[in-house]
Amino acid sequence: SSIVANLFESNERKKAFLKLEKAKLEMEALNELTRNINSVSTLTDVMSFVMYYLETDFGFKDFWLVLVDKPKDEFYTFSFVSNSLPEENILYFKDWRAKINENLGSIYNAYFVQEHQLWNLVDRADNLSEEDQLIQSKTVWKYFLHFPLLIYGETIGVLSINKPMEDNSIL
């Protein structure tokens, strides 16, 4: 029985060590991303690093960055990158502009609440705003995963990252 206990303890130590190694590698990757982001000066360059990281480490394929145009009280697309949508749908997103109001649904919610939002499009299909339904009709996304971008407590935009429906992984 002490042999079994020693084997169990040894196995548990190996599992803990592997978890620590994995966490260390993830932290090193995040530190590298942070160094890369801090080494550039434009939002486009920052987004390139972020998108590369999210695609290679988490498999996200589509990125939509909307920024706030304060004088016009609108959102507008700053950047849209998709590896899963046809060109005509990509053009819709690249030209997208909308007045900032609650009719925008999930994007407005992320903007207003200033917290990330995960909207499962399959579960919420009957409870989406008209704008969310329109966006969903032009995509193959199973989620809206929105992150508000804050500077000094003010939301300057929303980053949406997505995976196509056929990707069966959970985020």
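Leaving aside its neighbours within four places in sequence, which residues is F75 in contact with? F75 is in contact with V66, L67, V68, W96, R97, A98, I100, L104, I107, Y111 and V158, where contact means heavy atoms within 4.5 Å. The model is predicted, and local features need pLDDT of at least 70, side-chain atom pairs count only at pLDDT 80 or more, and totals for chains, interfaces and linings use all residues. Residues are numbered from 1 along each chain as its sequence is written, and side-chain values use heavy atoms, with hydrogens and water left out.

F75 is buried, with a relative accessible area of 0%; buried here means under 20% relative accessible area, exposed over 50% and partly exposed in between, with a 1.4 Å probe and protein chains only. Together with W64, W96 and I107, F75 is among the residues that touch the most other members of the largest nonpolar core, which has 20 residues. A nonpolar core is a set of buried Ala, Val, Leu, Ile, Met, Phe, Trp, Tyr and Cys residues joined through side-chain atoms within 4.5 Å. At least two residues of this core come from each of β1, β2, α3 and α4, and the largest share, four residues, is supplied by α4. These element names refer to DSSP runs, numbered from the N terminus, with helices (H or I) of at least four residues and strands (E) of at least two. A second, separate core has ten residues, including V50, F63, L145 and L159.

The aromatic rings come next. Across the whole structure, a search finds nine aromatic pairs; rings of Phe, Tyr and Trp (its six-membered ring) pair if their centres lie within 6.5 Å, and planes under 30 degrees apart count as stacked, over 60 as edge-to-face and the rest as tilted. The pair of F75 and W96 is stacked because the ring centres are 6.5 Å apart and the planes lie at 25°. F75 lies in strand β2 (residues 74-82) and W96 in the loop between α3 (87-94) and β3 (97-99), so this pair ties together parts that are 21 residues apart in sequence. W96 is buried too, with a relative accessible area of 4%.

Y108 and F112 also form a stacked pair, with 5.6 Å from centre to centre and 15° between the planes. These two residues are separated by about one helical turn, because Y108 and F112 are four residues apart in helix α4 (residues 106-113). Y108 is buried at 18% relative accessible area, whereas F112 counts as exposed at 57%. One aromatic cluster is formed by W64, F75, F80, Y92, F93, W96, Y108, Y111 and F112.

What classes of residue make up the lining of the largest pocket? By class, the lining has twelve nonpolar, no polar and no charged residues. M47, V50, F147, L149 and L159 lie nearest the centre of this pocket, and α2 gives the most to the lining, with five residues.

Two loop residues other than glycine complete the tour. D73, in the loop between β1 (62-69) and β2, has a positive phi near 55°, and D73 counts as partly exposed at 40% relative accessibility. Y152, in the loop between β5 and β6, has a positive phi near 50° and is exposed, with a relative accessible area of 85%.

Methods
1 Å grid on protein atoms, 1.4 Å probe; cavity = no way out; pocket = protein on both sides within 12 Å on 5 of 7 lines; lining within 4 Å. Nonpolar A, V, L, I, M, F, W, Y, C, P; charged D, E, K, R; others polar.
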